[in-house]
Amino acid sequence: MHPLAREALRLDDDSHKKYTVWRKQPMRLVLSERLLMIDGEYIHIVPASGGKAVLDSTSKTTTVHFSNVIGCKVPRKHPTNVKLVVYKAAETKRYDFEARSADEAAEIVSELKTGIAPYNRDI
């Protein structure tokens, strides 16, 4: 696990936001539960089980710095979904999440856009 992700999971104060979301992946019928954490200048995508982060060696936590975020939005047709596009290792990667409600999806995108604003001029 990435040291920054471990540090973020250890902190249990109001300095970061946590959202339980479901990752939607093409060609998969099952949605996988994730914990989306916004902590300082980083976004952590942590596998979750029942709202708790899974902290074993088999789970993969993805940590993305705000400067690597290309864009994020709530699609008009699906107001509970969140699309997040990040730059990773010379390519872009898209994450599709489903939030609990349209309001929570809008809040997630608002938090992300606030965090990436200093780094991104096009959003």
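**Salt bridges and burial in a predicted model**

Modeller: In this predicted model, arginine 94 and aspartate 96 form a salt bridge, with their closest N and O atoms 2.9 Å apart.

Biologist: Why is the contact between arginine 94 and aspartate 96 called a salt bridge?

Modeller: A salt bridge requires a side-chain nitrogen of Lys or Arg within 4 Å of a carboxyl oxygen of Asp or Glu. The N and O atoms of arginine 94 and aspartate 96 are 2.9 Å apart, so the pair meets that cut-off. Side chains of opposite charge can pair when their charged atoms come close.

Biologist: What makes Lys83, Arg94 and Asp96 a network?

Modeller: Salt bridges link these residues. Besides the contact with arginine 94, aspartate 96 meets the side chain of lysine 83 in a salt bridge of 3.4 Å, N to O. Lysine 83 belongs to strand β7 (residues 81-88) and aspartate 96 to strand β8 (residues 91-98), 13 residues apart, and the pair links distant parts of the chain.

Biologist: Why is aspartate 96 called buried?

Modeller: Buried means under 20% relative accessible area. Aspartate 96 has 12%, and is therefore buried.

Biologist: How many salt bridges does the rule give in total?

Modeller: The count comes to 3 salt bridges. One of them joins the side chains of lysine 17 and glutamate 111, at 3.8 Å from N to O.

Biologist: What makes the pair of lysine 17 and glutamate 111 a tie between parts of the chain?

Modeller: Lysine 17 lies in strand β1 (residues 16-24) and glutamate 111 in helix α2 (residues 102-116), so the pair ties together parts that are 94 residues apart in sequence. Lysine 17 is partly exposed at 36% relative accessible area, and glutamate 111 is partly exposed at 26%.

Biologist: Why is threonine 61 described as buried?

Modeller: Its relative accessible area is 13%, which is under 20%, so threonine 61 is buried. Threonine 61 is found in the loop between β4 (52-53) and β5 (62-65). Threonine 61 and proline 47 are 14 residues apart in sequence and 6.7 Å apart in space, C-alpha to C-alpha.

Conventions
Residues numbered from 1 in each chain as written. Predicted model: local features only at pLDDT ≥ 70, side-chain atom pairs only at ≥ 80, totals over all residues. Heavy atoms only, no water. Helix = DSSP H or I, 4+ residues; strand = E, 2+ residues; numbered from the N terminus. Buried < 20%, exposed > 50% of the residue type's maximum accessible area, 1.4 Å probe, protein only.
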